[in-house]
Amino acid sequence: MMRSVLAFILAAATACAADGWLTKVTVNGTIDGKAATTGMEVYLPAGYTKNKTARKYPLVIALHGWNHSPALWRQKGDLGPFADKYGVVIAVPNMGQTVYESTFYPETISGWRMAPGVRWIGEAVLTHMRKKYSVHTNRAHTAVIGYSTGGRGAVLVSELYPEFAFAGSVSGTFDLMRLKTSEGEYKIHEVVYGKRDKFPERWQKDNCISPSLVSNLTGTALFIGHGGRDTSVRPDQLDALRDALKGTSIRAEFIVQTNGIHDWSYWNSQWDAMFTAMHAAITK
């Protein structure tokens, strides 16, 4: 009897220890016949290991900014408490220097070469999570969020893949055509699309405010935040998306924090409101 009790206690302790951050997850995928492999971190909410055979969890894909890493979400913007509170699995793929493009071009010299970023999320990461983890496989329980360039990615992947009932963005770039050529945001996109004045059609193809892309957001609830003092990605990017949505039935919440800048202090201030909105959209 004593051994049975001890075995039960050890098994329970092991199960509890398995919840939380998994930092060495590998994602394999094939895009247009080209195989690729990248890393990812995954957060399993409290109770996941114990209940994974009995229930499905909503899935949230979290996208980091340009040249950042999944570890930053864990170290500086830990989403664990929100995952535990709302009972969601969070996947944070390692996206390097992607600008969450849909296509590579002959001029593309980006440091991210696995596959076009948006396609990697929509076809490789999403597929991996749905196959390997106990998550819902429907749109109604799937979300994507991001900050900075990852905030742009969250909106663009929702426009190109009708798999997300919620998209959350802070400090995102939505109108590529209004970027000044002197801005860092312009420069990181130029290495993917080429010069804008030479290849405007490429820039428009992935421009989140394009009417053809905006119409694809029907059925996706949006949370869009921006810092009013952001000099890295100007607040008028939020205005551009808000204007593009006027006259549509797309549900969107826009919040500008007057003193917010492009940093973790601002981004961390937005997760509570973002997850509250997400909870209403995907965890019913």
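1. Let's start with the inventory. The protein chain has 11 helices and 8 strands. Keep in mind as you read that this is a predicted model.

2. Overall dimensions next. The radius of gyration of the protein chain is 19 Å, and a compact globule with 284 residues would come out near 19 Å, so the two agree. Along the principal axes, the C-alpha atoms take up a box of roughly 75 × 40 × 30 Å.

3. How much of the chain is buried? The figure is 53% of the 284 residues. As for contacts in the protein chain with a separation of 6 or more, 71% of them involve residues 24 or more positions apart.

4. Now a helix pair to look at on your screen: α5, covering residues 117-132, and α6, covering residues 149-160. Their axes come within 10 Å and cross at roughly 60°. An angle like that makes α5 oblique to α6. The crossing of the two helices is right-handed. On the α5 side the contact is made by V118, I121 and G122, and on the α6 side by L156, V157 and L160. Sorted by class, the contact of α5 with α6 has 5 nonpolar residues and 1 polar one, with no charged residues.

5. Strand β5 (residues 142-147) deserves a point of its own, and G146 is one of its residues. Is G146 buried or exposed? Its relative accessible area is 0%, so G146 is buried. Setting aside neighbours within four places in sequence, G146 is in contact with L63, W73, G151, A154, G168, S169 and V170.

6. With a relative accessibility of 0%, A143 counts as buried. Which residues does A143 touch, leaving aside its neighbours within four places in sequence? The list is L59, V60, I61, F164, F166, M278 and I282. For A143 and D19, 124 residues apart along the chain, the C-alpha separation is 20 Å.

7. D32 has a phi near 55°, which is positive, and D32 is not a glycine. You'll find D32 in the loop between β1 (20-31) and β2 (34-44). D32 counts as exposed because its relative accessibility is 66%, where the cut-off for exposed is over 50%.

8. The other one is S171, again not a glycine, with a positive phi of about 60°. S171 sits in the loop between β6 (166-170) and α7 (184-193). On accessibility, S171 has a relative accessible area of 0%, so S171 is buried; the cut-off for buried is under 20%.

9. Last stop: I209, in the loop between α8 (200-205) and α9 (211-214). What does I209 touch, not counting residues up to four places away in sequence? Its contacts are F174, D175, V214, A240, L241 and A244. I209 and L238 are 29 residues apart in sequence, and their C-alpha atoms are 10 Å apart in space.

Note on methods
Residues are numbered from 1 along each chain as its sequence is written. This is a predicted model: local features need pLDDT of at least 70, side-chain atom pairs count only at pLDDT 80 or more; totals for chains, interfaces and linings use all residues. Side-chain values use heavy atoms; hydrogens and water are left out. Axes are lines fitted to C-alpha atoms, for helices over the stretch in contact, and angles run from 0 to 180 degrees between N-to-C directions. Helices (H or I, at least four residues) and strands (E, at least two) are DSSP runs, numbered from the N terminus. Angles under 35 degrees count as roughly parallel, over 145 as roughly antiparallel, 65 to 115 as roughly perpendicular and the rest as oblique. A crossing is left-handed if the near helix is turned anticlockwise from the far one by less than a right angle, and right-handed if clockwise. Contact means heavy atoms within 4.5 Å. Ala, Val, Leu, Ile, Met, Phe, Trp, Tyr, Cys and Pro count as nonpolar, Asp, Glu, Lys and Arg as charged, and the others, Gly among them, as polar. The radius of gyration is taken over C-alpha atoms; the globule rule is 2.2 Å times the number of residues to the power 0.38. Buried means under 20% relative accessible area, exposed over 50%, partly exposed in between (1.4 Å probe, protein chains only).
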